[in-house]
Amino acid sequence: MAVLLTGCGGSAAEGDNKAAEPEGVVTEAEAAKIVDRYVSVNNRANKTNDGKLLSTVEGGALLEQSQAGYKADADLSKKEQAASAEPFSYVDRTYLIPREGKATWFAVKTRTKDKEGTSKYPQLLVFDRDKGKSKGKAEDGWKNVASVSLVDDEKKTVPLAKDKDGFVRVLPTGSGADGSSAKGVEELSTSLADLYTIRGPLSSSEFADTKAARSVHEVPKEVGKNLGKRATAQFKEGESEHEKVYTFRTRDKGTYAVFNTAVDVDQQVIADNLEMVPASNLHPFVGKKPSKGFSLHWLHQSSAVVPAHGKPQLLDYEVELTSVRRLHHAAGAV
């Protein structure tokens with residue numbers, strides 16, 4: 001007591017002036033619980049293709065793709081349905097957490113493990129918070145909104161940058177902050193849709209020549225070949241409510257981006273005396289009855305790197321047929 005009353009070395013209040021410990025959007029322990037909960041609920045939902053249950057832990061474009069996948073599963077054999085419902089887990093996790101105030105979300109680099117084994121290459125999962133669904137617990141309201149590849153054409157993991165405190169560095173979309181690499185991120189979705197519509201070589205697109213970009217660019221040619229001379233296919237960018245782009249700074253001052261793209265494909269016969277028989281993948285959406293054509297809505301979830309210099313590089317894309325409607329006129333008919 002005497003020391004406290006007579007000491008001259010300072011006061012207890014000085015401890016309040018220390019800089020607060022830096023905080024992330026979540027702690028690693030919280031992130032682990034969120035991912036564990038997602039895996040548990042997802043596995044339960046997959047057993048019965050319960051889209052409503054899945055929506056409690058999944059959101060955005062990923063949920064739309066998953067629910068469409070559930071619908072498509074109805075056309076599979078019992079054996080195939082059972083295989084798609086096999087449980088899975090995420091292993092070799094590395095949590096990528098932005099600094100508090102820099103983002104509303106976090107990510108995890110991981111690999112999928114199921115009865116077939118563990119995936120060879122890592123993927124990136126993004127979890128964003130639906131605050132309206134939060135019930136107060138740390139893990140509530142968080143939903144997996146993206147699942148994309150984290151490797152390039154050479155199967156190397158994209159090196160994401162971290163700050164001095166170990167938080168992953170992120171960029172506001174389109175800000176151009178801290179360099180020019182954020183420029184063009186908001187155009188990635190339209191640039192991907194353009195890969196379907198450009199008539200010239202891939203070099204005339206906004207993307208560099210990568211395996212993923214070549215794959216997309218070749219689709220119209222393959223579709224035209226399958227349809228033959230009695231039908232046409234018209235590709236165009238579709239409408240989607242999933243416009244949010246998730247961006248990370250890379251160690252070489254580029255930007256790694258996760259984005260969504262909707263593409264509509266109108267497939268129609270060329271004359272009114274012809275009809276088109278729907279392919280088997282359309283049956284869960286429109287049945288088996290022929291029509292003059294069908295309008296297909298494809299939803300893509302993609303990853304790309306926008307380098308500090310040069311064209312964006314499309315790394316990978318996951319595409320799901322999410323809706324189909326019948327067309328009642330031949331191509332060109334009024």
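What share of the 334 residues in the protein is buried? Buried residues make up 43%; buried means under 20% relative accessible area, exposed over 50%, and partly exposed in between (1.4 Å probe, protein chains only). This is a predicted model, in which local features need pLDDT of at least 70 and side-chain atom pairs count only at pLDDT 80 or more, while totals for chains, interfaces and linings use all residues. Residues are numbered from 1 along each chain as its sequence is written, and side-chain values use heavy atoms, with hydrogens and water left out.

View 1. Helices (H or I, at least four residues) and strands (E, at least two) are DSSP runs, numbered from the N terminus. Contact means heavy atoms within 4.5 Å. Of the contacts with a separation of 6 or more, 64% join residues 24 or more positions apart.

**View 2. Helix α2 covers residues 28–48.** Its 21 residues should span 30 Å at 1.5 Å a residue, and the end C-alpha atoms are 31 Å apart, which agrees. The expected span is 1.5 Å times one less than the number of residues. Buried residues of α2 include A31, I34, V35 and Y38. An α-helix has 3.6 residues a turn, so residues three or four places apart point the same way. The cover over the buried residues of α2 includes α3 (51–54), α4, β1 (89–96), β2, β4 and β5. After α2 comes N49, with a positive phi near 50 degrees.

**View 3. S84 sits in helix α5.** S84 is partly exposed, because its relative accessible area is 35%. S84 and N49 are 35 residues apart along the chain, and their C-alpha atoms are separated by 9.7 Å.

**View 4. Helix α7 bends by about 35 degrees at V219.** The bend is the angle between axes fitted to the seven residues ending at a residue and the seven starting there. A proline, P220, follows within four residues. α7 has 17 residues (211–227) and reaches 25 Å from its first C-alpha to its last, close to the 24 Å expected. A212, A213, V216, H217 and V223 are buried in α7. Their cover includes α6 (188–197), β6 (231–237), β8 (255–269) and β10. Just after α7, G228 has a positive phi of about 80 degrees.

**View 5. Strands β9 and β10 pair in the antiparallel sense.** Residues 293–306 form β9, residues 313–327 form β10, and the pairing runs over 13 bridges. Two strands pair if DSSP finds at least two bridges between them. H300 stands opposite V319 in β10. The hairpin has six residues between the strands, and G310 there takes a positive phi near 100 degrees.

**View 6. The largest pocket holds about 1200 Å³ of space.** Its lining has 42 residues, and the closest to the centre are L62, T112, Q123, S147 and E318. Among the elements that give two or more residues to the lining are α2, α7 and β10. A pocket is an open set of points on a 1 Å grid over the protein atoms alone, where a 1.4 Å probe fits, with protein on both sides within 12 Å along at least five of seven lines; lining residues have an atom within 4 Å of a point. Grid points are joined across faces, edges and corners, and the volume is the space filled by probe spheres set on the points.

**View 7. K253 lies in the loop between β7 (246–249) and β8.** Phi of K253 is positive, near 70 degrees. K253 counts as exposed, because its relative accessibility is 61%.
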